[in-house]
Amino acid sequence: QVQLVESGGGLVQAGGSLRLSCTASGSILRVNVMGWYRQAPGKQRELLARITSGDSTYYVDSVKGRFTISRDNAKNTVYLQMNSLRPEDTAVYYCNVDLWNGRNWSNYWGQGTQVTVSS
């Protein structure tokens with residue numbers, strides 16, 4: 001069984017920063033792509049950033065230059081440093097991980113963490 005636990009969300013003023021963390025635990029033999037998504041009220045969940053096991057990164061245009069994704073393979077943890085936050089960044093943020101659990105490659109989601117940016 002695999003669990004993803006997120007932390008770091010909260011309330012911040014526009015222009016501020018937050019750092020999200022997501023740690024995978026359980027039956028994990030290898031971790032491949034790790035990513036962050038968000039879902040605002042009334043909108044679809046969208047990919048923000050992802051990082052491969054080789055540290056290649058991808059960012060959606062709306063967060064380029066403001067958000068940075070990184071990972072600590074020894075801790076099975078992915079981070080999202082968010083700077084210059086805007087009210088439109090308000091959403092529930094989810095981590096997503098592809099990993100080998102000893103039987104197959106599977107995709108897992110975190111429980112979500114609320115980020116609220118006030119103007």
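Buried means under 20% relative accessible area, exposed means over 50%, and partly exposed lies in between, computed with a 1.4 Å probe on protein chains only. The structure is a predicted model, in which local features need pLDDT of at least 70 and side-chain atom pairs count only at pLDDT 80 or more, while totals for chains, interfaces and linings use all residues. Residues are numbered from 1 along each chain as its sequence is written, and side-chain values use heavy atoms, with hydrogens and water left out.

**Exercise 1.** Find where asparagine 76 and serine 84 lie, and state what their phi angles are.

Solution. Begin with the position of asparagine 76, which is in the loop between strand 7 (67–72) and strand 8 (77–82); strands (E, at least two residues) and helices (H or I, at least four) are DSSP runs, numbered from the N terminus. Its backbone has a positive phi of about 50°, although asparagine 76 is not a glycine. With a relative accessibility of 22%, asparagine 76 counts as partly exposed. Serine 84, not a glycine either, has a positive phi of about 50°, and its relative accessibility of 41% makes it partly exposed.

**Exercise 2.** Locate the disulfide and describe which parts of the chain it ties together.

Solution. The structure holds 1 disulfide, and it joins cysteine 22 to cysteine 95 with an S to S distance of 2.0 Å. Because cysteine 22 belongs to strand 3 (residues 18–26) and cysteine 95 to strand 9, the pair ties together parts that are 73 residues apart in sequence. The torsion about the S-S bond of cysteine 22 and cysteine 95 is about 50°, so this disulfide is right-handed.

**Exercise 3.** Work out which side chains make polar contacts with the side chain of arginine 38, and whether arginine 38 is buried or exposed.

Solution. First place arginine 38 in strand 4, which covers residues 30–39. Arginine 38 is buried, its relative accessible area being 7%. A polar contact is a pair of N or O atoms within 3.5 Å, where within protein one must be able to donate a hydrogen and the other to accept it, and residues adjacent in sequence count only if both atoms are side-chain atoms. The side chain of arginine 38 makes such a contact with the side chain of glutamate 46 at 2.7 Å, and another of 3.0 Å joins it to the side chain of tyrosine 93. Leaving aside neighbours within four places in sequence, the residues in contact (heavy atoms within 4.5 Å) with arginine 38 include Ser62, Phe67, Glu88 and Asp89.

**Exercise 4.** Trace the cluster of rings that contains Tyr37, and describe how tyrosine 94 and tryptophan 109 are arranged.

Solution. A pair of aromatic rings is described by the distance of the centres and the angle of the planes. Rings of Phe, Tyr and Trp (its six-membered ring) pair if their centres lie within 6.5 Å, with planes under 30 degrees apart counted as stacked, over 60 as edge-to-face and the rest as tilted. By this rule the count comes to 3 aromatic pairs. In one of them, the rings of tyrosine 94 and tryptophan 109 have centres 6.4 Å apart and planes at 90°, so the pair is edge-to-face. This pair links distant parts of the chain, since tyrosine 94 is in strand 9 and tryptophan 109, 15 residues apart from it, is in strand 10 (residues 105–109). Tyrosine 94 is buried with a relative accessible area of 14%, whereas tryptophan 109 is partly exposed at 38%. Ring pairs link Tyr37, Tyr94 and Trp109 into a cluster. Tyrosine 37 itself lies in strand 4 and, at 21% relative accessibility, counts as partly exposed.

How values were computed:
A disulfide is a pair of cysteine sulfur atoms within 2.5 Å.
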